[in-house]
Amino acid sequence: MRRLAVTSLLLLPSGLLAQGTWVGPQPPCDIGAGHFRVSSAVVNLKIAVEKPAQRDRMLAQTLDVLRRAITQDRQDRNPAAWYYLGRYYVEQNDALGADSAFDRAEALAPQCRADILGHRRRVWTAVFNDGVRAWQEGREDSAVALLGMALTVVPDDPRTPLTLGRLWAARSQSDSAVRYLRRAVETAGPDTAFARERREALAEIGRLYVRRAQDDPALQRWQRIRYSRDSLERAIANDSIILSRIVASSASRRARGTRLSPQDQQVFARDSAGRAQSLARGREARAALARQAATDSAALVAAFEPALEAYRTLLETSPTSVETAATAATLAALYAQSARPDEAARVFDRLAAQGRPLDPAQLFEAGRRLAAAHAFAPAARALTLGLEQNPYHRDALVELARTYVELRDSARAVSTVRRLLEVDPLNRTALRLAAAAWDLARVPDSTLKYLRQADSTLTLEIGVTVFQVEGAEALLGGGATNLASAPSRPLRLVVEFLDARGGVVAAQPVDIPPVPAGGTYPFEARASGPGIVAWRYRPS
């Protein structure tokens, strides 16, 4: 079971009262004692607070005289009697007693609400901390009781329902958890003092609903449909290509006036008819899956909507570019999982249109996460937005090129690999992505060109493994690996350190000596200058 660090939850004691100092009612809580017994209770309380040696005796006397004042002397309508009874219970750390007495005092003297709240918070802090400690010690029933008591004493502080929500979530009681977490959100409201608690409650609600949605049978059905559909699409594409070749071959023979032998004609007819039937069956199955998907998608949307709503609200309140990008990535991934890819892609478009601050490093990480989850459309948007701020980020260009290949977007794939090769021209990953992009664009000469470079003509591969920027100082490091069976020729690289617009801040030559077959020569380049965020190199 999950445990939270005590130090992350425990509250500091209220600063309302200095240790050993008595403080009476504060304006506008202008209530007098109104009765000699109540006056006596005030004196007793003051002595109990200021003189620890007499504390227990004075507190006992306080309770005795206040009870007699209320029950025997008809002081039950005197707000001071209830106010000081509440103060007595605060000294005793009796949360429920203090709550009951203060309720009566507030009803009779509403002008004392602010003053009383300070005393409520003092006892609330103690009970809240006791509840957290009980949780950490594994006494969960006691923790629930104590935190419930704290919620009664100060119902307007979102930290109590937030903690209760987390406790119930840790016990896998999601309905109870959500109930308290929603109360935390509502209690925090727009109060900036509790903005962090509101975001944490929303995030916890979102996580609980995501877990519930991922266990929903609708998602399991949808995933099976998606896998079946993807398999069918590949089979249909394969059958379609083969059938078109068969048809083209037949047309070519007719144009030439040639005929097949009767036996070959039978084989040809059987193959073409079989392939046509397979293609027709595949298309019928795809149509049936589409109808089933349309039916199941409504259930899938309903299963994910509570989680989506939580993360939409959380995104609206994200205060930093880091949190904004991370939340947007989660929201986009949820849209993708719930079969709403268009809305997934629009998450980042809306943020860009709103002018929200988006950290490029976080956008790159969001794109990587989304691509790993096969949410390629929103991944492309996140990566593209990040590259608008840092257009030469090599790893982001690699991820974007792969994403466009997966999306079968040949034009953008080719455009991206061209940018990638400007940055990293002597790397097999970049060259193979270039071959894949040109293959997608159906340009065989370029496809073969880059395949040959990646697999045979590239003899010295450059791999950058380190890029660090601290202030105005930048370091790039990597290795030159000889892929050939003979020593490589000497090579000079010019490493350029770039700013966010792609401008060259500094350039550093790197000399690579002959590298033995199969060996690697480590290299590094350093530069100084303002605003360095990326790099590229070129053979000189």
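This is a predicted model: local features need pLDDT of at least 70, side-chain atom pairs count only at pLDDT 80 or more; totals for chains, interfaces and linings use all residues.
**Notebook: helices, a sheet and a disulfide**

**Entry 1: the whole chain**

I found 20 helices and 6 strands in the protein; helices (H or I, at least four residues) and strands (E, at least two) are DSSP runs, numbered from the N terminus. Of the 540 residues, 45% count as buried, where buried means under 20% relative accessible area, exposed means over 50%, and partly exposed lies in between, with a 1.4 Å probe and protein chains only. I then looked at contacts (heavy atoms within 4.5 Å), and among those between residues at least 6 apart in sequence, 64% join residues at least 24 apart.

**Entry 2: back to helix 18 and helix 19**

Helix 18 covers residues 410-423 and helix 19 covers residues 428-440, and their axes come within 8 Å and cross at roughly 155°. Here axes are lines fitted to C-alpha atoms, for helices over the stretch in contact, and angles run from 0 to 180 degrees between N-to-C directions. The two helices are therefore roughly antiparallel to each other, the term for angles over 145 degrees, while under 35 is roughly parallel, 65 to 115 is roughly perpendicular and the rest is oblique. I listed some of the residues that make the contact, including Val414, Val417 and Leu421 of helix 18 and Leu433, Ala437 and Trp438 of helix 19.

Next I followed an open sheet of 3 strands, in the order 4-3-6 with antiparallel pairing; two strands pair if DSSP finds at least two bridges between them. Which strands stand at the edges? They are strand 4 (504-512) and strand 6 (534-539), each with a single partner strand, so one side of each is left without a neighbour in the sheet. Neighbouring strands are turned by 25° against each other on average, direction ignored.

I traced strand 3 (residues 491-498) to strand 4, which it joins by 8 bridges in the antiparallel sense. Arg492 has Asp511 of strand 4 as its bridge partner, and Leu493 stands opposite Val510 in strand 4. These two strands form a hairpin with 5 residues between them, and Gly502 in the turn has a positive phi of about 90°. On the pairing with strand 6, which is antiparallel as well, I noted 6 bridges, and Val494 stands opposite Arg538 there. Strand 3 is mostly covered, with 7 of its 8 residues buried. I kept in mind that in a regular strand the side chains alternate between the two faces of the sheet.

**Entry 3: the disulfide**

I counted 1 disulfide, taking the term as a pair of cysteine sulfur atoms within 2.5 Å. It joins Cys29 to Cys112, with 2.0 Å from S to S. Cys29 lies in the loop between helix 1 (6-9) and helix 2 (36-50) and Cys112 in the loop between helix 5 (95-108) and helix 6 (113-136), so the pair ties together parts that are 83 residues apart in sequence. The torsion about the S-S bond of Cys29 and Cys112 is about 90°, so I wrote this disulfide down as right-handed. Both Cys29 and Cys112 are buried.

Is Glu197 buried or exposed? I found Glu197 in helix 10 (residues 195-214), and at 7% relative accessibility this residue counts as buried. Leaving aside its neighbours within four places in sequence, Glu197 is in contact with Pro158, Arg159 and Leu162.

Gln75 sits in the loop between helix 3 (55-71) and helix 4 (79-91), and Gln75 is buried, with a relative accessible area of 13%. With neighbours within four places in sequence left aside, its contacts include His35, Ile70 and Trp82.

Gly97 lies in helix 5 and is buried, with a relative accessible area of 13%. I also looked up Gly97 and Arg87, which are 10 residues apart along the chain, and their C-alpha atoms are separated by 9.7 Å.

Methods
Residues are numbered from 1 along each chain as its sequence is written. Side-chain values use heavy atoms; hydrogens and water are left out.
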